[in-house]
Amino acid sequence: MNDKPKILIVDDIPENIHVLMNILKDDYAILAATSGYKAIELVASEQKPDLILLDIMMPDMDGYEVCKRIKENKESKNIPIIFVTALSQLGNEAKGFELGAVDYIIKPIVPFLVKSRVDIHMELKLHRDNIERLVEKRTHELKVSQEATIEAMGLVAEHRDPETGGHIKRTKDYVKAIAIELAKNIKYKDTLTIEMINCLYIGAPLHDIGKVSISDNILLKPSSLTEDEFEIMKTHAIIGENTIIKAQSMMSENPFLNIAKDIAGAHHEKWDGSGYPRGLKGENIPLAGRIMALADVFDALVSKRTYKEAFDIEKVFKIIKRNRGSHFDPDIVDCFFTIKDQMLEIVRKHKS
């Protein structure tokens, strides 16, 4: 395996390629192309070069056009291009720099100058690549850290109620599965992007974060809540939303928390407007909240609690179907039934 940086030499005259190759071959792996079309093909291949020496005057496609096409492609736009031209052809330097070239080498070739120019630009390119890798690594580490923090915050709420073990893991998987299927609906395909679905998955664990403020005698009560107790329980949605808003004010822009805020504040709203905390109706309920509403209820129905046994799955399906258009968004219910086998597999996977 050759670990040397790769240089692509592009010239329609093979002798010119050989001259440059002999100057650079000790320190670099050399690729060669005798036409602009071949150069573009090599740039798009797995042999992508680290730097290109590009002749300007070539038949069919000149160096300027080759440069333009390479710079228009997001996969190759950062490859440094050095134009190689005869002194008599010099005069369009501005055009080359406007197209994205980093330098010019003038013919006849002076080996020392060629090697120096190439070494400088290669060093700059490799340094830039290294910085980009470090930034990418740091960004990934930060993302993982944020995701772990978000899930940990969700587990704080879950662990206050030992009867809801596995609820966090199941509901985030339900939400992701529903969102992926719902994205196939033309109505939602532009909204439910890969990034949005990822944010839903990461933000879902915070849906009940507001429950940390509810007293144990209400949260852990083994029987039905009184009317007053239920009113107190209902405050967890607004408390959760406000908790996330406060977290946002202490962090840089975080799309996960934007979605988590909607999930926490709206997952008890109902399609017909009879839910809480705001009595929102229909599509006035944030989409994240509508998806979480079904995921949350489904998990409550299929799970054992101190006050009830897990419901028979056919009964669960009947309840969800009966509440289509009243509690739940009809589109989301239809989506749920399309993937009901997948939902049951998630139940089995995280069975407590």
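Pro108 is placed in the loop between β5 and α5, where helices (H or I, at least four residues) and strands (E, at least two) are DSSP runs numbered from the N terminus. The peptide bond joining Lys107 and Pro108 is cis, with omega about 0 degrees. A cis bond also leads from Tyr276 to Pro277, with omega near 15 degrees. Pro277 belongs to the loop between α11 (255-266) and α12 (287-302).

The model is predicted, so that local features need pLDDT of at least 70 and side-chain atom pairs count only at pLDDT 80 or more, while totals for chains, interfaces and linings use all residues. Residues are numbered from 1 along each chain as its sequence is written, and side-chain values use heavy atoms, with hydrogens and water left out. The mean pLDDT (the predictor's confidence in each residue, from 0 to 100) of the chain is 88, and 88% of the residues reach 70 or more. Where pLDDT is low, the predicted coordinates should not be read in detail.

The chain contains 15 helices and five strands. Of its 352 residues, 44% count as buried, a class defined by under 20% relative accessible area, with exposed over 50% and partly exposed in between (1.4 Å probe, protein chains only). The accessible surface comes to about 18500 Å², and 54% of this belongs to carbon and sulfur atoms; accessible areas come from the Shrake-Rupley method with a 1.4 Å probe, and for residues only the protein chains shown count as cover. Of the contacts (heavy atoms within 4.5 Å) between residues at least 6 apart in sequence, 61% join residues at least 24 apart.

Nine aromatic pairs are present. Rings of Phe, Tyr and Trp (its six-membered ring) pair if their centres lie within 6.5 Å; planes under 30 degrees apart count as stacked, over 60 as edge-to-face and the rest as tilted. Phe83 and Tyr104 form a tilted pair, with 5.5 Å from centre to centre and 40 degrees between the planes. Because Phe83 lies in strand β4 (residues 81-86) and Tyr104 in strand β5 (residues 103-107), this pair ties together parts that are 21 residues apart in sequence. Phe83 is buried at 0% relative accessible area, and Tyr104 is buried at 7%. Tyr104 also pairs edge-to-face with Phe97, at 5.5 Å centre to centre and 75 degrees between the planes. Phe97 is partly exposed, with 41% relative accessibility.

Ring pairs also link Tyr174, Phe298, Phe317, Phe336 and Phe337 into a cluster. Lys321 lies over the face of Phe337, 5.0 Å from the ring centre. A charge is taken to sit over a ring if NZ of Lys or CZ of Arg is within 6 Å of the ring centre and within 35 degrees of the ring normal. The charged end of Lys315 likewise sits over the ring of Phe311, 4.3 Å from its centre.

Asp173 is located in helix α6 (residues 167-182) and is buried, at 12% relative accessibility. Leaving aside residues up to four places away in sequence, Asp173 touches Tyr201, Ile346, Lys349 and His350. Asp60, in the loop between β3 (51-55) and α3 (63-72), is exposed at 75% relative accessible area. Although Asp60 is not a glycine, its phi is positive, at about 70 degrees.

Zero disulfides (pairs of cysteine sulfur atoms within 2.5 Å) are found. Cys67 is buried at 0% relative accessibility, and Cys199 is buried at 3%.
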